[in-house]
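Dear colleague,

I am handing over the structure we spoke about, with the sequence alongside. Please have it open while you read the notes that follow.

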Amino acid sequence: MRRIVVAVLLEGLVALLGAPVAAAQGRSAEFPALIDLPDGFFPEGIAVGRGSTFFAGSLADGSIFRGDLRTGEGQVLTEAFGPFSTVGLDVDARNRVWVAGGPSGTARVYDGGTGALLQVYPLTAPFASFVNDVIVTPDAAWFTDSGTQNNPDPSAFQFAGSPRLFKVPLQPGGGLPDPSAVEVIDVDVPDVAFPNLNGIETAPGELGLLVAHSTLGTIYAVHPESGQASQVYAGGLAGADGLVRQGTDLYV
């Protein structure tokens, strides 16, 4: 049996309230401090692609905006997919934009240059789960499930339980697999009220995954194949959502 030990330094987490000030002081004058999105866009997920390109998703209609962090200019890149169908985003090395589809139960992949829809992965039935966030590694795309629907009426929008990950394994060379390749990994963390698992990142050295548990306000290191989890931050991060790691610093 292969054992992976993940060591994570999280000393900066509790001081994050000062991060916006520090970021503003260190920002180059050529980058705008504010970038306007279209009226009514309702942004949620955001990811940085090649150069100074960024992508932001809309909860209002599921479309994706592509902009430039340096100029502040941009435009809507993709067609609408439906309300609450675009939540977390990540961009891979091939400039493909991966989308966590929220209650639509889907994962989607777009061409970051043209906006063309490349693939749709039905992870669950619509309104059966809340597919919340995504991180892409060299071998796979990983999606968090924040909860399963506990009301037969989809419009009730009530979810609970089901801490698990969806894995979309990439083909050799990074090719997109057939939807039948999707795997489900149950994660060994407390099963409490929605939202359970939320933000996701790779651990240092990409030896595992880091996952935020929103309701408990904790961070877990998760073995990507077995789902075995160990707590690396014990709580107090109320509503912990998106994660971004740089080196051994994890921003929540």
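Where does Asp36 lie? Asp36 is found in the loop between helix 1 and strand 1, where helices (H or I, at least four residues) and strands (E, at least two) are DSSP runs, numbered from the N terminus. With a relative accessibility of 63%, Asp36 counts as exposed; in these notes buried means under 20% relative accessible area, exposed over 50%, and partly exposed in between, with a 1.4 Å probe and protein chains only. The C-alpha atoms of Asp36 and Glu73 are separated by 8.6 Å, although these residues are 37 residues apart along the chain.

Before going further, please keep in mind that this is a predicted model, in which local features need pLDDT of at least 70 and side-chain atom pairs count only at pLDDT 80 or more, while totals for chains, interfaces and linings use all residues. Residues are numbered from 1 along each chain as its sequence is written, and side-chain values use heavy atoms, with hydrogens and water left out.

On confidence, pLDDT is the predictor's confidence in each residue, from 0 to 100, and the protein chain averages 85, with 83% of the residues scoring at least 70. Over residues 1-27 pLDDT stays under 50, and for this stretch the model has 26 contacts beyond four places in sequence, a contact being heavy atoms within 4.5 Å. Where pLDDT is low, the predicted coordinates should not be read in detail.

As for the chain as a whole, its secondary structure comes to 1 helix and 19 strands, and buried residues make up 46% of its 252 residues. Among contacts between residues at least 6 apart in sequence, 46% join residues at least 24 apart. The accessible surface of the protein chain comes to about 12000 Å², of which 54% belongs to carbon and sulfur atoms; these areas come from the Shrake-Rupley method with a 1.4 Å probe, and for residues only the protein chains shown count as cover.

Turning to the aromatic rings, a search of the whole structure finds 5 aromatic pairs. Rings of Phe, Tyr and Trp (its six-membered ring) pair if their centres lie within 6.5 Å, and planes under 30 degrees apart count as stacked, over 60 as edge-to-face and the rest as tilted. One of the pairs is formed by Phe42 and Phe84, which are edge-to-face, at 6.1 Å centre to centre and with 80° between the planes. Phe42 lies in the loop between helix 1 (19-26) and strand 1 (43-48), and Phe84 in the loop between strand 4 (74-76) and strand 5 (89-91), so this pair ties together parts that are 42 residues apart in sequence. Phe42 is partly exposed, at 42% relative accessible area, and Phe84 is also partly exposed, at 30%. For Phe42, phi is near 60°, a positive value in a residue other than glycine, and for Phe84 phi is near 55°, again positive in a residue other than glycine.

The rings of Trp98 and Phe143 have their centres 6.5 Å apart and their planes at 50°, so that pair is tilted. Because Trp98 lies in strand 6 (residues 96-100) and Phe143 in strand 10 (residues 140-149), the pair ties together parts that are 45 residues apart in sequence. Trp98 is buried, with a relative accessible area of 0%, and Phe143 is likewise buried at 0%. Elsewhere, ring pairs link Phe41, Phe54 and Phe65 into a cluster.

What joins the side chains of Lys167 and Glu225? A polar contact of 3.1 Å does, meaning a pair of N or O atoms within 3.5 Å, where within protein one must be able to donate a hydrogen and the other to accept it, and residues adjacent in sequence count only if both atoms are side-chain atoms. Lys167 lies in strand 12 (residues 164-169) and counts as buried at 11% relative accessibility. Leaving aside residues up to four places away in sequence, Lys167 touches several residues, including Trp142, Val182, Glu183 and Ile185.

Finally, Gly247 is placed in the loop between strand 18 (244-246) and strand 19 (249-251), and counts as partly exposed at 44% relative accessibility. Gly247 and Gly205 are 42 residues apart in sequence, and their C-alpha atoms are 8.7 Å apart in space.
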